[in-house]
Amino acid sequence: MQKNQGLSEITGFTEITPTADIAAARHGGRAKCLQRLIRLDMPVPRTMALDFGAVHALSAGDMPDLDAMLALFGPDPLVSVRPSSEDPDWGGPGAILNIGMNDALHAKLVESHGEPAANALYLRFIQAFAVHMARLDPDEFEPATAPTAQALARALATYEAETDEPFPQDPRVQLGEVLRSMARAWEGTTARLLREAKGAPADAGLGLVVQKMALGVSKGISGSGVIQFVNGSTGRREIRGRYMCQAQGRDALTVRDGQGEIMYLAADPRGRSIEHVLPEVWADLNRYGALARKRLREEMQIEFTVEDETLYILDAVRVPRNPRANLRIAVALAKDGIISEDEAVLRVPPRSLTELLHSQIDPAGAREVLAKGIPASPGAATGKIVFSARAAQAAQAQDEACILVRRETTPEDIRGMHAASAVLTERGGVTSHAAVIARGLGLPCVVGASDMALDLKTGTLTAPDGRIFREGDILTIDGSHGDIIAGAAPLLAPALGENFATLLAWADAARDIGVRANADTPEDARKAQMFAAEGIGLCRTEHMFFAEDRLLAMREMIFADDPEDRRSILDRIGPMQRADFIELFSIMRGQPVTIRLFDLPLHEFLPQGREGLRELAEALDLPVSDVTRRAEALSEFNPMLGMRGVRLGITVPEIYDMQARAIFEAVVEASRAGDAVVPEIMIPLVSARREVEIVKTRIDAVAAAVRIERGAEFDYRLGVMVETPRAALRAGEIAPHTAFLSFGTNDLTQMTYGLSRDDAGRFMSQYVSQGVYEEDPFHVLDPEGVGELLTIGAKRGRAANPGVTLSICGEHGGNPESIAFCRDAGFDYVSCSPFRVPVARLAAAHLAINARGAERPPRMY
């Protein structure tokens, strides 16, 4: 070890031995992985590593001691150079093989390995050196059909003609040029931007690995290949890979006509196999694969070369895999005792679960992307275009999949969204109405597709290339990537199963913050149960009023002239709400259910347009002029900041009275039939303590009346939805009157920024790209602005009422970065759309495990 350290200080490189001072943080992941293979006694050719500092110096022209390095490879050195970045995902320049090939060595190899093999080795190096080091035209150095003497002479002549000097014969010069070129490629602007896009820091270093060549070409049985013992698409145990006779590196994966014979790995009736032809090599490969899995604690893809029936292991990388396979592999490694359950949890990125929860576009299939929008709800679906909620319901009645296309959605479209397979809107952002509802329903959704022109008068949707689509035409929506695809694209089905449930059970055992679901309907509640949410953190009751059997009654109530008329009409809706709540409580089986009282402004329940108003006038037996006048009277310049939420509950108290009675009567019925229910009633859009006091007094009175009428005792918890900056700042006054404070980060973000979430999509990408905002604040919680309000509200609320429960229930609740903020701020739980619950559970577990300091495994090359 002392010798190796001294050599590094003098020469700028270190030989990779079992005891050498090799670290991924200094030499890169590939160098460290090779050391691990050497420690496992695998037949790895002699290898040297240059650390990040040496490679950075190379880019400035400072060379290591090349004579000393080449001397370690013998009198006729023949080596390869491969990149070794700290994280394999950051990439690096391509490998260069056969450095050291020259006329003299070629002549020796003709004698020992045969002329075709010697020609192939020399040609390969000339082509790589010419294109990547000398930067010559690749077309002038296309791989020859056969490695003949004429092809070799032509390549040498072309190089000399293009550079005005003969091909370099000194191995020291060759190696120096390769090292310098690879170092400078890493330092280039394009390479830096590409790796930064993958999460690499701006000053990420590159190591280089210089390894003695195992030739893979000779007179005897020789070749190269890769082998892995798991399927990278499914995660199931099976042998995969390729081997090509008389080949080098990873040639087997990019076979061209006439290049060589492909040999199967395992015995196969279709042809020769390594298992039959080279049984000892086959046994060693299997043994090394099992050893790598156990000792490296990972499924590895092994790159190997056979030279005259002798096996060499050149490299091993983590098996490339998709999210479905990654989850299965992580669970299998934990079940086999190779890694811990916590480590299995850490190996699955939370956001990767979205691919398992929804259908996805098959990456291997063909697709024709018409336009791109904002990916608002993950998954993919194919269906016929429809332009109205009514048409979507008609398609559902005929069992036809449809894509609901709207300029932007409103609460009136909810029934159509329930009927659709996906949603596409011309306007909106990631927290627009369409996006929020689609995520709750688990529908693929693309919003802000401004390049698509929707004309409802003509019933057409025009693509950027001028193509016109009409109702009934087929589109595919990819809500994971924001793609709008012509026709029916091939889809992959969701991948929920035993491994999914097992991993999330391990995550639940590790996490220390609760996860609930936002659920507005019994169907949503069933999804919440399916994804093991710990209750409902937000039930938006106004969505229940858009069902056909109660929408007309709501409209009648809007046109009522006095409180008694309103109350009598609401008495017809009350039993329907009670039935909804009974079903909700029954599904949740005693788990907490937070019910937000009515929030929408009343005009949202009135139809849009002259025809809709005429139909309503007919249904209510009123003149159209009366209906129009009432609609105009209810319209507001800024409905988001108008008569909604608690303001409506105080000015039209009959609505909250009806809802409270429906909740309490449902509690009595559900508790008799099953688990005891303690509902949580949430007052929306609060900004002052007195609002809470007024509503609380009326709700307490309703609770007392129901207790007397039903002869039953029950408890309930009253809380506030903190959506206004003032409510956050005055949380110390509000908290003593509440059992919980639930921060509605969607509206809180809008009010803090003075920005409509429905309009933000028009310019948000420019704001983020120009650094105005680091991230879209509607997608990732703003920790400095909105986050400070959350922190202030939490501290002041807890100071005034130590027992108050704190949570967030906006769409940020399913975002891993937002969950980290809430956990650090001492929140009790987060609540998000049902289909984001698994992501939140896993993200919360990552945070808890990392906080405990669980060892995170090094990334394997």
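Analyst: A residue is buried when its relative accessible area is under 20%, exposed when it is over 50%, and partly exposed in between (1.4 Å probe, protein chains only). Helices (H or I, at least four residues) and strands (E, at least two) are DSSP runs, numbered from the N terminus. This is a predicted model, where local features need pLDDT of at least 70 and side-chain atom pairs count only at pLDDT 80 or more, while totals for chains, interfaces and linings use all residues. Residues are numbered from 1 along each chain as its sequence is written, and side-chain values use heavy atoms, with hydrogens and water left out.

User: Let me try a helix. Which residues of helix 4 are buried?

Analyst: Helix 4 spans residues 52–59, and its buried residues are Phe52, Ala54, Val55, Leu58 and Ser59. Look down the helix axis: these residues fall within an arc of 165°, so they line one face of helix 4. The arc is taken from the directions from the helix axis to the C-beta atoms.

User: What do the buried residues of helix 4 pack against?

Analyst: Contact means heavy atoms within 4.5 Å. The partners are helix 2 (24–27), strand 2 (47–50), strand 3 (79–85), helix 9 (171–187) and strand 5 (206–212). At the start of helix 4, a side-chain oxygen of Asp51 comes within 3.2 Å of the backbone nitrogen of Gly53. After helix 4 comes Gly61, with a positive phi near 100°.

User: Now sheets. In what order do the eight strands of the open sheet run?

Analyst: Strands of a sheet pair through backbone hydrogen bonds, either parallel or antiparallel. Here, two strands pair if DSSP finds at least two bridges between them. The order is 12-22-21-14-15-16-17-13, with mixed pairing. Strand 12 (369–372) and strand 13 (374–377) are the edges; each has a single partner strand, so one side of each lacks a neighbour in the sheet. From one strand to the next, the twist averages 30°.

User: In which sense do strand 21 and strand 22 pair?

Analyst: Strand 21 (residues 474–478) and strand 22 (residues 483–486) are antiparallel, with four bridges. Find Leu475: opposite it, in strand 22, is Ala486. Helix 18 (residues 433–441) packs on the sheet and touches strand 13, strand 16 (422–425) and strand 17 (445–447). The direction of helix 18 makes about 170° with that of strand 17. Axes are lines fitted to C-alpha atoms, for helices over the stretch in contact, and angles run from 0 to 180 degrees between N-to-C directions.

User: Next, charges. How many salt bridges does the whole structure hold?

Analyst: Side chains of opposite charge can pair when their charged atoms come close. A salt bridge is a side-chain nitrogen of Lys or Arg within 4 Å of a carboxyl oxygen of Asp or Glu. The search finds 65. In one, Asp599 meets Arg596 at 3.7 Å, N to O. Both Asp599 and Arg596 are buried. In another, Arg710 meets Glu669 at 3.0 Å. Arg710 is in helix 27 (residues 689–710) and Glu669 in helix 26 (residues 653–673), so the pair ties together parts 41 residues apart in sequence.

User: One last residue. Is Arg841 buried or exposed?

Analyst: Arg841 counts as buried, at 5% relative accessibility. Arg841 lies in helix 34 (residues 837–851). Among the residues it touches are Leu504, Val515 and Phe531.

Technical notes:
A polar contact is a pair of N or O atoms within 3.5 Å; within protein, one must be able to donate a hydrogen and the other to accept it, and residues adjacent in sequence count only if both atoms are side-chain atoms. Lists of a residue's contacts leave out its neighbours within four places in sequence.
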